[in-house]
Amino acid sequence: MGQKRGALVVWLLLLSTLLTQVLVEVEANSFFPKSTVVISNQIEGGAKLLVHCKSANDDLGVRWLDPGKSFDWTFYPHFFTYTLFFCAFRWEVGAHLKWFDIYKQQRDDEVCKYCHWAIRRDGPCLAVPGSEMCYHYRDKL
């Protein structure tokens, strides 16, 4: 009986390892589409824009965007959990940081796979076909 139980444990471990590997490969596969976020400096008055974006797993670093310039990144939204990228913005020296959840899987997954954000003084605006959806910043993380 002990050998059967040991063989069953080994078999279950191998099966769970294989299943985990398959799920990792499937998630990184084009079977699940990538999402792209583009952040564009549209601050009125031609100010440079400081941008610092990150998620729970990735820090995209601090960037300075000249007026009209942008930066982007592409990622696979998480299959089993919730993907969130948040950003801090500043366009005036000494001003308080403004915060915004630039990609929230629950909000954005059905709206855009290519999420183009215009960053403005009064808030970020997401381009959607024929229009845009504008939001307010948070003053704190």
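Predicted model: local features only at pLDDT ≥ 70, side-chain atom pairs only at ≥ 80, totals over all residues.
Start with the open sheet. Four strands build it, in the order S3-S2-S5-S6, and their pairing is antiparallel. Strand S3 (59-65) and strand S6 (98-104) stand at the edges. Each has a single partner strand, so one side of each is left without a neighbour in the sheet. From one strand to the next, the twist averages 20 degrees.

Strand S5 (residues 84-90) runs antiparallel to S6, and six bridges join the two. Here Phe85 stands opposite Tyr103 in S6.

A disulfide is a covalent bond between the sulfur atoms of two cysteines. Cys53 and Cys87 form one, with their sulfur atoms 1.9 Å apart. Cys53 lies in strand S2 (residues 49-54) and Cys87 in strand S5, so the pair ties together parts that are 34 residues apart in sequence. The link of Cys53 and Cys87 is right-handed, with 105 degrees about the S-S bond. Cys53 has 0% relative accessibility and counts as buried. Cys87 is buried too, at 0%.

Now move along the chain to strand S7 (residues 114-120). S7 pairs with S8 in the antiparallel sense over four bridges. A hairpin of two residues joins S7 to S8. Across this pairing, Trp117 has Leu126 in S8 as its bridge partner.

S8 continues into another hairpin. Two residues lie between S8 and S9, and Gly130 in the turn has a positive phi of about 80 degrees. Four bridges join S8 to strand S9 (residues 131-134), and the two run antiparallel.

How enclosed is strand S8 (residues 123-128)? Five of its six residues are buried, so S8 is largely enclosed by the rest of the structure.

Cys125 stands opposite Cys134 in S9. A disulfide joins Cys125 to Cys134, with an S to S distance of 2.0 Å. The torsion about their S-S bond is about 110 degrees, so this disulfide is right-handed. Cys125 is buried at 3% relative accessibility, whereas Cys134 is partly exposed at 46%.

Another disulfide joins Cys112 to Cys115, S to S 2.0 Å. The link of Cys112 and Cys115 is right-handed, with 90 degrees about the S-S bond. Cys112 counts as buried at 6% relative accessibility, and Cys115 counts as buried at 0%.

Taken together, the structure holds three disulfides. Counting bonded cysteines along the chain, their pattern is 1-2, 3-4, 5-6.

Note on methods
Residues numbered from 1 in each chain as written. Heavy atoms only, no water. Buried < 20%, exposed > 50% of the residue type's maximum accessible area, 1.4 Å probe, protein only. Pairing = 2+ DSSP bridges. Axes fitted to C-alpha atoms, helices over the stretch in contact; angles between N-to-C directions. Disulfide = S-S within 2.5 Å.
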